[in-house]
Amino acid sequence: MQAAEFFDLLWTDFLLHAPSAESIHSLLGAGEPIVNDHIALRTFATPALGLEALHPLFTHLGFVVGDEYRFRAKKLRARYYRHPEAGVPKVFISELLLDECSEQLRGTVLKLCEQLPTAPALDPAFLGSGRPWDISFDSYRALLEESEYAGWLAAHGFRANHFTVDVNALSAYSSVAEVNRALVAAGYRLNTAGGEIKGSPAVLLEQSSILADRVSVDFSDGAREIPGCFYEFARRYQQADGSLYQGFVEANADRIFESTHALSR
Ligand code: NI
């Protein structure tokens, strides 16, 4: 599988879980194709699903590790992958550190993981394959109480949590603030955790996002409407050497995670 095919697969799936993405493309692209800065994936830190286990899937696609991050309050570790080929979106992937979670949460998650083969996945398509386990709505609710991240991942599985519009590449908009104004005027709800704009030119990265679309998810005891996936917007600034900063900023990403929060609405 090539990187382009990988992103096509994840984009097709993403549209089903973030139906707003299509209309946002028309709003921001004004007829021109949209360039994506990065996508984000979530996983559990188990031997078969953690960052190290999934690493070969990214090298298979030609990605190399960019940098690593830590989100202590959310009990996450993350890294991003970049592709040597120009124009390929970066991949930001985080894992929930189960050792830092309660015994109850860890027990629930490990039970879900028992529904999967114990050997790590070999095909990058796994990362867009959706939820590989059955889960009840009650188990989902119990996970949410402790970790919104765990609840989302248990309900949605392996798919792009968000795609991110590269604001630098838009011709009709030159700032995240302008993009936000257009989104609000069109009726979208922004994630306001930490402010409508996370970051600043000083940290070389500004980001915003809409709240996740609510989508119907099949639980083992029936379908329920819960937060799905969302679109993010990022503008990067020049570093001292003149090139655009390509990494991430922990304080920004920390609040972007909250775009899928169920209890904030
Ligand atoms: Ni992001």
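# Reading features in a predicted model

Visitor: Where in the chain is the place of Pro-120?

Guide: Pro-120 sits in the loop between helix H4 (103-113) and helix H5. Helices (H or I, at least four residues) and strands (E, at least two) are DSSP runs, numbered from the N terminus. This is a predicted model, in which local features need pLDDT of at least 70 and side-chain atom pairs count only at pLDDT 80 or more, while totals for chains, interfaces and linings use all residues. Residues are numbered from 1 along each chain as its sequence is written, and side-chain values use heavy atoms, with hydrogens and water left out.

Visitor: What is the relative accessible area of Pro-120?

Guide: The value is 38%, so Pro-120 is partly exposed. The classes are buried (under 20% relative accessible area), exposed (over 50%) and partly exposed in between, with a 1.4 Å probe and protein chains only.

Visitor: Which residues is Pro-120 in contact with, leaving aside its neighbours within four places in sequence?

Guide: Contact means heavy atoms within 4.5 Å. Pro-120 has Pro-47, Ala-48 and Ala-53 as partners when neighbours within four places in sequence are left aside.

Visitor: How is the packing of two helices read?

Guide: Two packed helices are described by the angle between their axes and the distance between the axes. Axes are lines fitted to C-alpha atoms, for helices over the stretch in contact, and angles run from 0 to 180 degrees between N-to-C directions. Angles under 35 degrees count as roughly parallel, over 145 as roughly antiparallel, 65 to 115 as roughly perpendicular and the rest as oblique.

Visitor: At roughly what angle do the axes of H5 and H6 cross?

Guide: The axes of H5 (residues 137-146) and H6 cross at roughly 150° and come within 5 Å. H5 and H6 are therefore roughly antiparallel. On the H5 side the contact is made by Tyr-140, Leu-143, Leu-144 and Glu-146, and on the H6 side by Glu-148, Ala-150, Gly-151, Trp-152, Ala-154 and Ala-155. By class this contact has seven nonpolar, one polar and two charged residues. Ala, Val, Leu, Ile, Met, Phe, Trp, Tyr, Cys and Pro count as nonpolar, Asp, Glu, Lys and Arg as charged, and the others, Gly among them, as polar.

Visitor: At roughly what angle do the axes of H1 and H2 cross?

Guide: Helix H1 (residues 3-17) and helix H2 (residues 20-29) have axes that cross at roughly 105° and come within 7 Å. That makes H1 roughly perpendicular to H2. Trp-11, Phe-14 and Leu-15 of H1 meet Ala-21, Glu-22 and His-25 of H2. The residues of this contact divide into four nonpolar, one polar and one charged.

Visitor: How many salt bridges does the structure hold?

Guide: Side chains of opposite charge can pair when their charged atoms come close. A salt bridge here is a side-chain nitrogen of Lys or Arg within 4 Å of a carboxyl oxygen of Asp or Glu. The structure holds 13 of them. One of these joins Asp-13 and Arg-159 at 2.8 Å, N to O. The pair links distant parts of the chain, with Asp-13 in helix H1 and Arg-159 in the loop between H6 and E5, 146 residues apart. Asp-13 is buried at 12% relative accessibility, and Arg-159 is buried at 11%.

Visitor: How far apart are the closest N and O atoms of Asp-37 and Lys-90?

Guide: They are 3.3 Å apart, and the two residues form a salt bridge. Asp-37 lies in strand E1 (residues 36-44) and Lys-90 in strand E4 (residues 90-96), so the pair ties together parts that are 53 residues apart in sequence. Asp-37 is buried at 4%, as is Lys-90 at 7%.

Visitor: Are Glu-114 and Lys-111 buried or exposed?

Guide: Glu-114 is exposed at 58%, and Lys-111 is exposed at 55%. Their salt bridge has its closest N and O atoms 3.7 Å apart. Elsewhere, salt bridges that share partners join Glu-52, Glu-68, Arg-77, Arg-79 and Glu-95 into one network.

Visitor: Which residues coordinate the nickel ion?

Guide: Donors are N, O and S atoms within 2.8 Å of the metal (3.2 Å for Na, K and Ca); water is not among the atoms, so sites may look incomplete. The nickel ion is coordinated by His-38 (NE2), His-162 (NE2) and Glu-232 (OE) at 2.0 to 2.1 Å. The spacing of the donor residues in sequence is H-x123-H-x69-E. His-162 lies in strand E5 and Glu-232 in strand E10 (residues 230-236), so this pair ties together parts that are 70 residues apart in sequence. His-162 is buried at 5%, and Glu-232 is buried at 1%.
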